[in-house]
2 protein chains.
Amino acid sequence: MQHDSASRIVEALRVWVASAPPGARLPSNRALVAQYGASPVTVQKAMRQLMALGIVESRPGVGTFVRTVRTARPADFGWQTAALGTPRSRASGLSATQRASVPDAIQLHSGYPARELLPERLVRSALTRVARSEAALTRSPSAGLPELQAWFANQVATSAPPGVAPPSARDPLVIAGSQSGLSSIFRALVGPGQPLIIESPTYWGAILAAEQAGVVLIPVPSGPDGPDPDEIERAFAATGARAFYAQPNFANPTGAQWSPETGLAVLDIVRSRGAFLIEDDWAHDLGIDADPHPLVGHDRDGHVIYLRSLTKSVSPALRVAAVIARGPARDRILADRAGETMYVSGLLQAAALDVVTQPGWTTHLRTMRHQLRNRRDLLLQSLRDGAPQLDVQQVPPGGLNLWVRLPDGTDVHNLVRECETRGLIIAPGSEWFPAEPSGPFIRLNYSGEDPARYPEAGHVLGAALRDTH
Amino acid sequence: MQHDSASRIVEALRVWVASAPPGARLPSNRALVAQYGASPVTVQKAMRQLMALGIVESRPGVGTFVRTVRTARPADFGWQTAALGTPRSRASGLSATQRASVPDAIQLHSGYPARELLPERLVRSALTRVARSEAALTRSPSAGLPELQAWFANQVATSAPPGVAPPSARDPLVIAGSQSGLSSIFRALVGPGQPLIIESPTYWGAILAAEQAGVVLIPVPSGPDGPDPDEIERAFAATGARAFYAQPNFANPTGAQWSPETGLAVLDIVRSRGAFLIEDDWAHDLGIDADPHPLVGHDRDGHVIYLRSLTKSVSPALRVAAVIARGPARDRILADRAGETMYVSGLLQAAALDVVTQPGWTTHLRTMRHQLRNRRDLLLQSLRDGAPQLDVQQVPPGGLNLWVRLPDGTDVHNLVRECETRGLIIAPGSEWFPAEPSGPFIRLNYSGEDPARYPEAGHVLGAALRDTH
């Protein structure tokens with residue numbers, strides 16, 4: 001759509017209109033046909049789009065004109081200050097990871113994989129099939145399409161040891177991306193003013209969702225093998241918390257994977273405390289040197305609330321994820337989702353299910369693993385070559401990020417700005433800390449565009465470090 | 001997808017498996033090829049799907065078997081009772097309008113238009129185009145695709161009188177259906193424990209979203225011309241509320257459209273109180289005898305928070321809507337949306353924009369208006385013929401519903417059950433009241449499947465009324 005020829009004309013005329021006075025007359029359709037070498041139908045389509053966007057207006061029999069903007073006094077929104085009061089959390093704006101892409105810069109800030117890492121052919125053919133299906137015109141059940149629920153349940157069932165009943169096909173709730181799941185879980189199972197234990201550092205989106213839900217965060221430090229179970233036990237004892245949010249496999253930002261002993265010890269603590277483990281398995285499809293071992297497989301009595309997303313491994317446009325929960329907790333989360341959104345587009349669900357049940361899906365996962373390994377290793381080598389002052393905390397066995405400690409005393413925000421003026425975009429580590437950062441860190445994502453520029457990125461970072469330190 | 005031949009085999013084998021013992025061996029692929037007259041590729045595809053769903057398992061070189069379910073002791077979720085405490089609002093379960101369809105019954109309960117009312121050809125061709133586009137593989141900006149934002153703004157700008165600056169192309173926030181907008185607006189602009197003035201009766205989904213947000217509802221009665229402005233003024237004065245939620249055009253459930261005088265009087269009150277009017281223009285595309293006149297067009301200083309959805313007029317699977325807000329209120333809502341979901345699938349946005357900018361879109365709206373008028377009038381005539389004891393409150397000038405008052409003393413829930421045993425599904429009116437219903441009402445939706453059965457529905461309702469009264 002964006003690249004058909006009508007869109008090309010729309011883009012060109014928007015530029016033209018931007019520098020034209022209101023009321024200026026556009027070239028005739030005949031002139032545009034000649035100018036753009038397009039068919040009259042295409043030119044008409046472009047004109048309709050410009051009219052629908054309110055950029056031009058047509059006077060029949062006369063021509064098409066740049067729309068006149070009515071002049072009016074500026075609006076006064078001052079009264080809203082009193083109506084709104086102070087917010088529960090001071091909105092800190094969007095994360096650095098959500099910034100739009102910056103042309104020509106080397107971009108290591110984004111959390112979303114580049115096109116070449118996605119199963120493009122599978123996604124396009126799934127969408128073409130769904131365009132012809134029932135799913136394009138019908139409402140999905142609130143809990144999701146039954147076949148997709150069953151697929152999510154089966155993914156987890158394969159990791160359950162003998163004697164533990166795996167989740168059933170009706171336990172998963174399909175949601176529009178795992179961020180929605182975090183918000184609902186924190187609202188429904190924790191609630192405002194209540195404590196939630198959380199790893200530090202951890203995913204900034206979880207910190208944001210918890211703040212919006214008014215939850216009180218209780219951070220515990222987490223290293224390459226996960227958190228120290230004794231710290232978790234102390235945090236439960238000290239706060240009376242009933243929930244712990246964690247990413248046991250390939251955590252964002254560190255890439256850490258908990259040892260099996262840590263996982264089972266944490267499960268024991270959670271059970272003995274009558275609490276929930278909110279297991280965010282965001283990187284299930286992103287293992288590099290290791291496979292993920294979700295703890296939900298060991299859960300007998302509904303202590304684990306499990307989150308799995310397909311956004312990163314299928315497509316950022318097919319925003320589909322699932323929460324697997326059992327018992328009253330599932331009802332509580334479902335009620336929150338119903339108030340929040342009623343149901344998830346069945347079209348997205350059908351397309352995602354189509355992708356993950358194609359034989360090409362396992363091939364894609366294998367290819368992606370190989371690509372991620374190459375990208376990770378190239379970025380590591382580029383840092384060693386260009387910025388030897390850096391201390392990469394751990395070679396991550398999975399995920400999409402390097403978590404890098406800067407020399408003590410580095411001003412992280414100065415460094416980020418300095419890199420940006422040199423054409424390198426990176427994310428300051430502070431966003432991943434629920435409280436003060438434990439040191440100067442940055443996160444470098446190795447799934448973006450153009451890995452061939454990693455060596456250049458290493459040198460830019462090294463030079464910026466020398467100049468800001 | 002659902003109707004290709006692999007799906008046919010999957011469905012048939014699921015039935016077969018349901019009555020087979022665990023471990024039973026499935027017919028060979030060769031036998032299935034013969035039995036279903038399908039190609040070996042199709043049979044293999046069906047088998048892969050059954051395996052992905054966890055229904056069968058393959059033992060290479062031996063065959064395919066019904067998956068053995070591991071026996072385990074039943075899970076004990078009792079501990080969750082203490083961990084969860086009592087919920088903020090006792091979840092009342094899903095609305096009657098969200099019930100799955102009941103085979104062979106006449107269905108007047110659902111809120112979603114039948115396929116024949118949707119622009120099927122436009123939706124399918126838009127999706128086919130989007131499947132080939134950038135939008136299938138990229139992330140949308142948080143506020144939405146700029147072109148779709150501009151379209152929503154332009155829709156409103158055309159109703160602004162001279163001297164009032166219409167919303168700009170960056171004011172709309174694209175959301176995944178208007179329910180998400182209601183939740184965010186109530187959380188971000190009202191907040192837990194704070195009063196919200198609301199029409200009675202009104203949309204049950206708004207009541208649900210407000211309850212989930214912990215908002216205190218202040219109901220004011222609303223008739224065929226809208227609410228009495230004096231009542232609104234008194235409600236603001238008595239409660240100190242800073243927000244009023246309303247559907248001024250073709251309200252759900254009554255179909256009422258406010259008179260222009262009521263609209264302007266309410267706007268004046270809202271302005272003088274330093275408050276927000278949350279204008280839910282859900283039925284913008286569903287006018288029958290009248291066109292909608294959104295009040296947002298008269299808003300100068302960001303007092304109107306405007307909601308517009310495409311779910312009902314484009315497709316329930318293309319869940320796309322917009323909130324138009326200005327000033328700090330917009331920032332507050334955007335921050336809530338970011339914590340809740342980050343962004344809306346750009347694929348759905350691109351497809352929706354494609355549909356509404358086709359020349360076929362205006363034709364579709366005209367056809368739908370004609371169909372809705374015929375359906376409304378047929379249902380009205382059917383009630384007069386079959387159930388003359390009923391009092392239809394108003395011939396709705398737009399929307400999808402008849403709001404019907406039952407004879408005094410009718411037990412609504414008995415009547416609903418009685419109708420159901422006779423094959424007619426209707427929705428009890430109590431769901432649309434924020435407090436006690438002001439009388440016995442039912443809502444009859446005239447946009448569902450099979451309007452040819454309306455005369456039958458009238459007679460069933462008449463007979464059920466005679467037998468329960």
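This is a predicted model: local features need pLDDT of at least 70, side-chain atom pairs count only at pLDDT 80 or more; totals for chains, interfaces and linings use all residues.
What does the axis do?

Now for the place where the chains touch. Chain B puts 112 residues into the contact, and chain A puts in 112 residues as well. Between them the two chains bury about 9,500 Å², and carbon and sulfur atoms account for 56% of that area. There are polar links too: 48 residue pairs are in polar contact across the interface of chain B and chain A, counting pairs with both residues at pLDDT 80 or more. On the chain B side, the element that gives the most is helix H11 (residues 328–341), with 10 residues touching chain A. The interface also holds 8 salt bridges. One of the salt bridges in the model pairs the side chains of Glu147(A) and Arg14(B), at 3.9 Å from N to O.

What about cysteines? A disulfide is a covalent bond between the sulfur atoms of two cysteines. Here the count over all chains is 0 disulfides. Cys419(A) is buried, at 0% relative accessible area, and Cys419(B) is buried with a value of 0% too.

In chain A, the peptide bond from Ser200(A) to Pro201(A) is cis, its omega being near 0°. You'll find Pro201(A) in the loop that runs between strand E5 (195–200) and helix H8 (204–212). Pro253(B) sits in the loop between strand E8 (243–246) and helix H10 (260–272) of chain B.

In chain A, the loop between strand E8 (243–246) and helix H10 (260–272) holds Phe250(A). Its phi is near 55°, which is a positive value in a residue other than glycine. Is Phe250(A) buried or exposed? Phe250(A) is buried, with a relative accessible area of 0%.

Asp450(B) also has a positive phi without being a glycine, this time near 60°. Look for Asp450(B) between strand E16 (441–445) and helix H15 (454–468) of chain B, in the loop there. Asp450(B) counts as partly exposed, at 39% relative accessibility.

Key:
Residues are numbered from 1 along each chain as its sequence is written. Chains are lettered from A and ligands numbered from 1 in the order in which they are written. Side-chain values use heavy atoms; hydrogens and water are left out. A disulfide is a pair of cysteine sulfur atoms within 2.5 Å. Buried means under 20% relative accessible area, exposed over 50%, partly exposed in between (1.4 Å probe, protein chains only). Contact means heavy atoms within 4.5 Å. Buried area is the accessible area (1.4 Å probe) that two parts lose on being put together, summed over both. A salt bridge is a side-chain nitrogen of Lys or Arg within 4 Å of a carboxyl oxygen of Asp or Glu. A polar contact is a pair of N or O atoms within 3.5 Å; within protein, one must be able to donate a hydrogen and the other to accept it, and residues adjacent in sequence count only if both atoms are side-chain atoms. Helices (H or I, at least four residues) and strands (E, at least two) are DSSP runs, numbered from the N terminus.
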